[in-house]
Amino acid sequence: MPRTAIVQMEAGRRAVSTLELAEMAKLYHRHVADFFDESQPAEEDPLVALGRISDDLRDDPTTAASIARCVQLFREGALLESELGRTKVAQPPNYATPAAAQAAAAAQGIDAAARERNRLGLGDAPIADMCRLVSEQGIWATSAVLTDGVSGLFLNHSSIGLAIVVNRDHPLPRKRFSFAHEYAHSLFDRDRVAAVTARANASDVVERRANAFAAAFLMPKGGVESMLRGMQKGGPSRRSFVSYDVANEGRQDSEERAPPGTQGLTFREVAGVASHFGASYDAACYRLRELGYVNERELAELLEQQVVGREYVELLGGGQERDAKTEDRDKELVAQLIPLVLEAYARELVSRGKVRELAGMIGLAESDVLKFANE
């Protein structure tokens, strides 16, 4: 912009257009609404917050650039929503509760997982697409290049809303778990600008809660029990049946004994559970331990069979070793952003150059987007 135009604006002698205001919001990393709210306290920039929390995110140039790109896309999407006058999809419930101990935190996560499954009408069925489920809750969701020690991150800022990013290079089942884990942060830790899930903070209480939530959300207790019953595995070696005898007005007793050794779980049953729910072999092992189907000794034995277990998951179609780079890298961001871009373009709220810029940021050509515009 010419310097004279800026001087006129600062002096109050020139109006600011909607597009100019949007550009300023992007430049200053703010939401458009922030310019009209004199009472709102200053928020920490999400990129600054992430750098403060994690040295890995701050010091690795590739990771820093990848996250900055994601945040810019989230901001662009939020600005488009504001320009179009769209009301954001209602956010999921806020389950914010202090957790003072690891066990209490785990219990909170498991309880919230059951409540969320009930709210979303999921029953005990597997979740087909965890990333899409997250985005349908009004949360920006995508994968990005992150340093290996970081599996995901959660952001909450007025300029973008709620957002989740997971490590693009991790296998698909691990990414599904990470989406569920970060979704837990969106339910419990909305008072934070940013949360990072990494090896360095794995023992934190909030991370324990998010892990418990993710396991229970992806592999619900009822669904696991139903699967094992179908396999005729995991039940007691002896079952007693007591019923009322209507003819004699008394009691009837009977007993069923399973053949020796048939109720114990092998790597094959664990792999079956993992494949069915789209989880990793390791995650299924720990979930079965949490549900009491295996003891500590049996868990150790199952984990010793990780290699053959993971291979069996792959054979069953679970995709444990699927190359993450072959996945559609920004499919949910495309589904969230492109309709906003096209509507804003149709209403002449953004220029063709802006369409080209936004399309390029998510790996598309201008023509890929504009062929769907009604010009």
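The following conversation discusses a predicted model of a protein.

Q: What does the secondary structure of the protein come to?
A: In this predicted model, the protein has 17 helices and 6 strands.

Q: And how much of the protein do buried residues make up?
A: Of the 375 residues in the protein, 47% are buried.

Q: Which percentage of the accessible surface belongs to carbon and sulfur atoms?
A: Carbon and sulfur atoms account for 51% of an accessible surface of about 18900 Å².

Q: Let us turn to the strands. Is β3 mostly covered or mostly uncovered?
A: Strand β3, residues 161–167, is mostly covered, with 7 of its 7 residues buried.

Q: Which strands pair with β3, and in which sense?
A: Strand β1, residues 140–144, pairs with β3 in the parallel sense over 5 bridges. Strand β2, residues 150–157, pairs with β3 in the antiparallel sense over 6 bridges.

Q: Which residues in β3 are the bridge partners of Thr142 and Leu155?
A: Thr142 has Val165 as its bridge partner, while Leu155 has Ala163.

Q: How many residues lie between β2 and β3 in their hairpin?
A: The hairpin formed by β2 and β3 has 3 residues between the two strands.

Q: Now a helix. How far does α8 reach from its first C-alpha to its last?
A: Helix α8 covers residues 172–188, which is 17 residues, and reaches 25 Å. That span is close to the 24 Å expected at 1.5 Å a residue.

Q: How many of the residues of α8 are buried?
A: In α8, 15 of the 17 residues are buried, and the helix is therefore described as mostly covered.

Q: What about the loops? Where is Glu348?
A: Glu348 is in the loop between α15 (331–346) and α16 (352–361). Its phi is positive, at about 60 degrees, although Glu348 is not a glycine.

Q: Why does Glu348 count as exposed?
A: Glu348 counts as exposed because its relative accessibility is 69%, and the cut-off for exposed is over 50%.

Q: One more topic: which residues make the nonpolar surface patch?
A: Leu27, Tyr28, Phe35 and Phe36 make this patch of about 500 Å². One of them, Phe35, is found in the loop between α2 (18–27) and α3 (46–53).

Q: Why does Phe35 count as partly exposed?
A: The relative accessibility of Phe35 is 39%, so Phe35 counts as partly exposed. This class lies between the cut-offs of 20% and 50%.

Notes: Residues numbered from 1 in each chain as written. Predicted model: local features only at pLDDT ≥ 70, side-chain atom pairs only at ≥ 80, totals over all residues. Heavy atoms only, no water. Helix = DSSP H or I, 4+ residues; strand = E, 2+ residues; numbered from the N terminus. Expected span 1.5 Å × (residues − 1). Buried < 20%, exposed > 50% of the residue type's maximum accessible area, 1.4 Å probe, protein only. Pairing = 2+ DSSP bridges. Areas by Shrake-Rupley, 256 points an atom, 1.4 Å probe, with all protein chains shown as cover. Patch = residues over 30% accessible without salt bridge, like charges linked within 9 Å, V, L, I, M, F, W, Y side chains within 5 Å. Salt bridge = Lys/Arg side-chain N within 4 Å of Asp/Glu carboxyl O.
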